[in-house]
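Open the model in your viewer and keep the sequence panel beside it. The stops below go from the whole chain to single residues.

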Amino acid sequence: MEPAEKLSLMKRNLQEVLGEDKLVEILKTRDVKIYWGTATTGKPHVAYFVAMSKIADFLRAGCEVTILFADVHAYLDNMKAPWELLELRVKYYEAVIKAMLTSIGVELDKLKFIKGTEFQLSKEYTLDVYRLSSMVSEHDARKAGAEVVKQVDHPLLSGLLYPGLQALDEEYLKCDAQFGGVDQRKIFTYAEKYLPQLGYSKRAHLMNPMVPGLTGTKMSSSEEDSKIDLLDSAAQVKKKLKKAFCEPGNVKDNGVLSFCKHVLFPLRDSPFEIKRPTEHGGDAQYKTYEELEEAFGKEEVHPGDLKSSVEVYLNALLEPIRKEFEKPELKKLTSQAYPVEKKKGATSQAAGGGDDELVPSRLDLRVGKITSIKKHPEADSLFVETVDLGEDSGPRTVISGLNGLVPMEQLDQSLGVFLCNLKPVKMRGIESQAMLMCASLEDHSQVEPLSVPEGSAPGDRVFFEGHEQGQPDEKLNPKKKIWEKLQPDLRVNDQHEALWQSNLMMSKLGKVITKSVKNSPIK
């Protein structure tokens, strides 16, 4: 690849480059050394794919790339997190970013990973921090961090130190250029001004645009609805994309479209496909982002169709990451690095969570045996079942909408999983006192009750791995919609295992599974 081609690939989709002439000179004799840093605070989300796709570009252009896990910066930025927690978050960031890069086909042996505390606590670095502090005014330090450090009337010294450390990292990592978002531009110009005053060379700076979040503003770890977490389930991805701001014809403030531009198209060798019914224009393909943007701007592509396609492509990126984080050691790391915070004022119940805490242990799931079954006298689609749930009060009546979907003889005398703490509801004059849990494809072409381990007995508790200690609510409050909020994360994976998010559904005898249906919701 010629130097001009390398530079073109390095600049693709960037908003701004400072010091391009330096890069041109370097490329005449050798490849460019670039560093990208990330403060290990909130959980990385899908917007991190924007940086990852550019790192892939840099590597294809022959660059030497260093990724800095900036734990010292994280401490300065969020001092509520103790060092012990930050150490766990560094491990989480390293694991999740390596999984992301593997997902998009980047070879990890071409990258260098380094932790801030490996060099930022050295005598030489510390003395340079003091030297820099003797040159920089409070005004300049505050101005440099204006876009990335929380601004208050009386700032802490930690926030004023932050930009200086990021500038010094360029020298101590021996890079030619630093890569980051355009929100860091003031830190970059700060580095260009002050590094030469310390006797160090000025570096080039490569800046990505800020990709809008799903709400139309900056994608943020702290704004739940604005971002999709890298470990979100397929159901969560669908739910968040459905709510995403994607105004017809709006090509500027559109996080869904921006994700296509900065992630999906750079990573694709084949056309981007929109799947839709013939009456709505039929399937369409777009070889370039510009073609897609033009079609969307002309309202030839409906927001719903765009979201559906992005959902498919995004889940393809996320699935390898989800699978990697199903490993027990990474599940444990995730829960330790980002423990669930109880909401202020929430009462701790024997239920294993406060009134507002959404945990699957609040569901009363039990093994039940259908001892008799008949058709509902007033509804052709319903079965009326008598179910033994191991209760002293005797069997319960359960109504299931399975007539025509599952043969009656298959259900009779079978064991299944039943949700037992929903509010009883009358269905065509007969009260249903529980719900049979089934895996079902979206089009209902396949519906199958969940299968419990061999040897199970009526009344056996069914729980989720990682939530074994919680006790269910006595009755789920219908106004709180606990079931409705937990249900979208219930699914069967491609191994036929029942899950909530990535947590296995279990009984004391083993996993709950399906025999034929896979990759489907549980309802």
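What percentage of the residues of the chain count as buried? Of the 523 residues, 51% do, where buried means under 20% relative accessible area, exposed means over 50% and partly exposed lies in between, with a 1.4 Å probe and protein chains only.

This is a predicted model, in which local features need pLDDT of at least 70 and side-chain atom pairs count only at pLDDT 80 or more, while totals for chains, interfaces and linings use all residues. Residues are numbered from 1 along each chain as its sequence is written, and side-chain values use heavy atoms, with hydrogens and water left out.

**Whole chain.** Show the C-alpha trace. Its atoms fill a box of roughly 85 × 55 × 40 Å along the principal axes. Switch to cartoon: the chain has 16 helices and 23 strands, which are DSSP runs numbered from the N terminus (helices H or I, at least four residues; strands E, at least two). Contact here means heavy atoms within 4.5 Å. Of the contacts with a separation of 6 or more, 70% are between residues 24 or more positions apart.

**Nonpolar cores.** Select Phe49, Phe272 and Leu306. These residues have the most contacts inside the largest nonpolar core, which has 77 residues. Such a core is a set of buried Ala, Val, Leu, Ile, Met, Phe, Trp, Tyr and Cys residues joined through side-chain atoms within 4.5 Å. Centre on Phe272: leaving aside residues up to four places away in sequence, Phe272 touches several residues, including Cys260, Leu264, Tyr286, Leu306, Val310 and Tyr313. Another core, of 31 residues, lies apart from the largest one, with Ala141, Ala144, Ala167 and Leu195 among its members.

**Helix pair.** Select residues 234-243 (α10) and 303-324 (α13). The two helices pack at an angle of about 145°, with axes 10 Å apart; axes are lines fitted to C-alpha atoms over the stretch in contact, and angles run from 0 to 180 degrees between N-to-C directions. On the α10 side, the contact is made by Ala234, Val237, Lys238, Leu241, Lys242 and Lys243. Facing them on α13 are Lys307, Val310, Glu311, Leu314, Asn315, Leu318 and Arg322.

**Gly181.** Go to strand β5 (residues 177-181), where Gly181 is found. Is Gly181 buried or exposed? Gly181 counts as buried because its relative accessible area is 14%. Not counting residues up to four places away in sequence, Gly181 touches Phe188, Met207, Asn208 and Met210.

Within it, pick Asp364, in the loop between α14 (328-337) and β9 (365-375). Asp364 is buried, at 14% relative accessibility.

**Two positive phi values.** Most residues other than glycine have a negative phi. Select Gln413, in the loop between α15 (408-411) and β12 (415-419); its phi is near 70°. Gln413 is partly exposed, at 41% relative accessible area. Finish at Lys481, in the loop between β18 (461-464) and α16 (482-486), where phi is near 55°. Lys481 is partly exposed, at 44% relative accessibility.
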